[in-house]
Structures are given as structure tokens and as C-alpha cells.
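Thanks for asking me to look at this one with you. My notes follow as numbered points, starting with a pair of helices.

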Amino acid sequence: MTSMRPVLRASGLCKTFGSGAALVRAVDGVELDVAPGETVAIMGPSGCGKSTLLHLLGGLERPSAGEIDLAGDPVNGISERALAHLRRTAIGFVFQGFYLMDELTAIENVELPGLLAGNSPIAARTRARELLEQVGLADRTGFLPSALSGGQRQRVAIARALINQPMIVLADEPTGNLDSSATVGVLRLFESLHESGQTLVIVTHEQRVAATADRLISMRDGAFVDETRMTGGSRGDLGKLIGLGGE
Amino acid sequence: MQQEVVLALLAKEPSQGYQLRARLDEALGPLGEGLNAGHIYVTLGRLEKTGMVALEEPPQGRTQLADRKIYHLTPAGQERVFQWLSEVSWPRPDLAEFHLKLIAAAQAGLADPVSIVDAQRREMLRRLRDAQRAAMEEPDHSDAALLLEGVVLRLQADLRWLEACERNWIGRRERP
């Protein structure tokens with residue numbers, strides 16, 4: 001994994017707000033390499049800077065200092081226009097609040113970024129249909145978001161994030177507004193994306209989401225403080241937690 | 001209660017049994033009420049036999065009353081405390097033991113409670129991942145999936161408490 005060129009690399013990344021005594025270092029010297037196909041979860045208490053970090057990684061905000069490379073190309077120096085293009089084509093976003101367009105149907109929401117990226121209406125529609133099938137919503141393509149449950153809306157948003165075959169998907173608290181069973185639906189979807197080789201960075205405070213990652217990074221006060229590679233343990237041990245086996 | 005808890009409480013400074021008992025009472029509050037008052041003295045006696053603790057020399061020409069004995073850690077006891085602090089409790093994390101571990105580590109200045117929390121969390125998250133994977137592989141309506149959900153929920157509860165521990169100990173670090 002380490003020999004492969006990272007999809008996303010950040011070095012010395014900082015974002016400050018305010019100045020003088022009121023200076024806030026929301027992101028304070030982050031170093032991050034994300035390998036192709038890797039799922040990285042960034043966890044931390046609210047206010048630790050993890051959402052700001054995700055915005056920096058996705059080009060939604062510009063850093064105060066530091067570098068970001070996407071597939072080996074620096075993102076920092078590029079124009080607003082080029083950055084907007086990059087956001088539309090190379091990066092898929094998934095947010096806690098879904099951000100679907102209320103007046104568009106599920107399939108229209110999914111195909112929209114495809115159309116904006118210059119794909120033909122037919123190609124965008126075909127791909128959107130495939131994606132909605134993949135997220136288990138083949139029978140909901142014509143529904144407005146208001147007619148969908150929270151979990152379904154988030155799955156539409158995930159399908160939308162995938163429409164332009166992004167190099168990386170960035171998700172900010174993707175299960176933050178979902179109940180437990182909808183959370184499991186989204187987790188299964190992330191697992192299948194992971195298996196298909198999609199690179200994912202997820203910011204979350206939900207442990208179940210974090211536990212699906214290959215690598216888990218803890219963030220505090222704008223900086224990374226702990227990193228775990230999540231190699232599996234032995235399932236036999238799990239039974240001991242609930243009184244099976246053991247001494 | 002584990003012998004290591006008594007050892008670790010002693011790591012702060014040489015102490016008498018009742019002082020250890022007071023530290024324990026403070027840490028456990030009403031949850032410590034069920035503990036046998038003599039337990040600490042029995043444990044100290046055992047630890048003395050195994051060479052983990054030793055008695056301070058009494059003032060010359062006087063014999064010590066049992067409850068006035070001042071104990072301190074031996075090098076072997078100290079080593080055992082360090083080892084215990086770095087152990088991750090699994091498969092059945094004992095909340096009280098973990099809680100006392102953090103308190104004893106902080107009081108004696110032996111380890112950063114926050115890094116003990118981090119280590120425990122890593123272990124729990126690995127288990128959560130295993131449990132979750134196993135649950136997702138089960139077919140719908142499987143009996144095993146229901147039990148696995150119980151495992152997942154327990155791990156989540158423990159992890160949430162670890163988050164509370166983390167917040168608390170970071171807070172204390174910032175306002176000593």
C-alpha cells in the first residue's frame with residue numbers, strides 16, 4: 001500500500017480563524033496520505049476541527065498554510081474555476097444534512113452533477129439509474145426527497161457523490177441524522193464501495209462508522225493525536241464479552 | 001477487587017491502609033459502599049507476602065499497630081503497576097478497574113490517563129469492527145444477528161463511556 005501513490009496527500013495543513021488573542025487554529029499541522037482504495041475515518045469530539053479539515057481536503061475552503069495534492073497534482077495554487085471543476089469531477093461529497101434539491105426527484109438529484117460535468121443527458125440518466133440500483137433504491141427513482149426516509153435520502157446523496165466516478169469520496173458525519181437501522185444501511189453501502197475499490201475519507205463521531213475504516217485517526221484541537229490500523233481481531237473473543245467461553 | 005488496584009493506589013506515596021481506603025471511597029462514591037472494609041488490609045497482607053509492598057520501618061523502640069502500618073511499593077510492586085497500567089482490559093472490560101486505573105495513574109503521575117483511554121479505545125474499536133462485520137454477513141432475520149447486535153450495542157456503550165473519560169481527563173489536564 002505504501003508504495004502506491006496516494007490519492008490524496010496533505011502536508012503541514014493549517015486553517016486559522018480570527019487573529020491575535022482570538023486566533024483559533026481549527027486545523028493545526030495535519031499530515032495525511034490516503035492510499036488508493038483505502039477507507040480512512042477521522043474521529044474526534046465536536047469542535048476538534050474535523051469538519052474544517054474535510055472542507056480543506058475537498059477544496060471547499062482554502063487552507064491558511066500547507067499543501068494538498070490530489071492524485072499527485074497540487075491543489076493550492078489553482079484558480080477558483082479550476083478548483084470548482086475539480087470538486088465537481090474528482091471529489092464526491094456526502095454531508096450529514098444530505099443537501100438534496102427538494103424540487104428534484106431522486107434520479108434528477110443524482111444525475112445533476114453528471115450534467116454539470118458535461119455528460120450527455122442520456123449518459124447521465126443511465127449512470128444515475130445504475131447508481132440508484134446499487135444503493136438499493138431502484139424503485140424510488142421518481143420520488144421527491146420529501147417522500148423518502150432519512151436513510152433513503154442519504155443513499156441518494158451517496159449515489160449522487162458517485163456520479164462522476166470521483167477519485168475520492170469525502171463524507172462528513174454521514175449517519176449523523178440517521179437512526180440505527182438506516183445507519184446500518186449506509187454502513188453496508190460504504191463496505192460495498194470499499195470492496196469495489198473506492199477511496200473514502202469519513203469524518204465522524206459515530207463509532208460504528210469509524211469501525212468500518214481501514215485506518216482510524218483521532219483528532220483533537222486541530223491535530224492528529226492517535227492513529228490505528230484496524231486489522232481484525234479474533235471473532236471467538238467476541239463471545240467472551242457476552243459470557244460465552246473463557247474461564 | 002484486584003490486587004493491582006491497591007498497588008496502584010499506593011504508587012502515589014507510602015500510605016496507611018485507611019488512606020488507601022479513603023482514595024478508593026473518593027473514586028467510587030456510593031459504588032464503593034458494598035466493598036468490605038477489611039478487604040484492603042487483607043490485600044495489603046497478601047501483597048506484602050509476595051514482595052510487592054513492604055512496611056516502612058517503625059519509629060525506634062515502638063511496635064506498630066496493625067492499622068497504623070505504613071506501606072510502600074517495592075521495585076517489584078512498581079514494575080507490576082507499570083505493567084497493569086499498560087494492559088488493555090479485554091475480553092470483559094471491568095469499568096471500575098479501568099476507572100481506578102486512570103485515577104491511580106494520574107495521582108501517581110505514572111502515565112497519562114488520556115493515552116490509556118486511547119489504547120483501550122483502539123482495542124474496543126477493533127472488536128466493534130469484528131462484531132459489525134460479522135453482523136453484516138448474517139442473513140436477514142438470523143438469530144445470530146440479533147445476538148451480534150447485542151455485542152455491538154455493548155461495545156458502543158463502552159466506547160461512549162470512554163469518550164466521556166477522554167473529555168473528563170483532557171479537561172483535568174487543562175485545569176489542574
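1. In chain B, the axes of helix α1 (residues 3-10) and helix α3 (residues 39-49) come within 10 Å and cross at roughly 85°. α1(B) and α3(B) are therefore roughly perpendicular to each other, a label for angles of 65 to 115 degrees, while under 35 is roughly parallel, over 145 roughly antiparallel and the rest oblique. The axes are lines fitted to C-alpha atoms, for helices over the stretch in contact, with angles running from 0 to 180 degrees between N-to-C directions. Helices here are DSSP runs of H or I of at least four residues, and strands are E runs of at least two, numbered from the N terminus.

2. A word on the model before going further: it is predicted, so local features need pLDDT of at least 70 and side-chain atom pairs count only at pLDDT 80 or more, whereas totals for chains, interfaces and linings use all residues. Residues are numbered from 1 along each chain as its sequence is written, and chains are lettered from A and ligands numbered from 1 in the order in which they are written.

3. Which residues bring α1(B) and α3(B) together? From α1(B) come Q3(B), V6(B) and L7(B), and they meet I40(B), T43(B), L44(B), R46(B) and L47(B) in α3(B); contact means C-beta atoms, placed from the backbone, within 7 Å. By class, this contact has 5 nonpolar, 2 polar and 1 charged residues. Ala, Val, Leu, Ile, Met, Phe, Trp, Tyr, Cys and Pro count as nonpolar, Asp, Glu, Lys and Arg as charged, and the others, Gly among them, as polar.

4. α1(B) also packs with helix α2 (residues 17-28) of chain B, at an angle of about 105° and with the axes 10 Å apart. These two helices, α1(B) and α2(B), are therefore roughly perpendicular to each other. V6(B), L9(B) and L10(B) of α1(B) make the contact with L20(B), R23(B) and L24(B) of α2(B). Its residues divide into 5 nonpolar, no polar and 1 charged.

5. Stepping back to the whole of chain B, there are 7 helices and 3 strands, in the order α-β-α-α-β-β-α-α-α-α along the sequence. The C-alpha trace spans about 75 × 35 × 30 Å along its principal axes.

6. How much of chain B is buried? Buried residues are 31% of its 176 residues, where buried means 20 or more other C-beta atoms within 10 Å of a residue's own, exposed means 12 or fewer, and partly exposed lies in between, with C-beta atoms placed from the backbone. Of the chain B contacts between residues at least 6 apart in sequence, 64% join residues at least 24 apart.

7. Between the chains, 22 residues of chain A are in contact with 20 residues of chain B. On the chain A side, α8(A) gives the most, with 4 residues. That side has 8 nonpolar, 7 polar and 7 charged residues.

8. Within chain A, do look at helix α5 (residues 150-162), where 12 of 13 residues are buried. The buried residues of α5(A) pack against β6, α3, α4, β7 and α6 of chain A.

Definitions and conventions. Contact = placed C-beta atoms within 7 Å.
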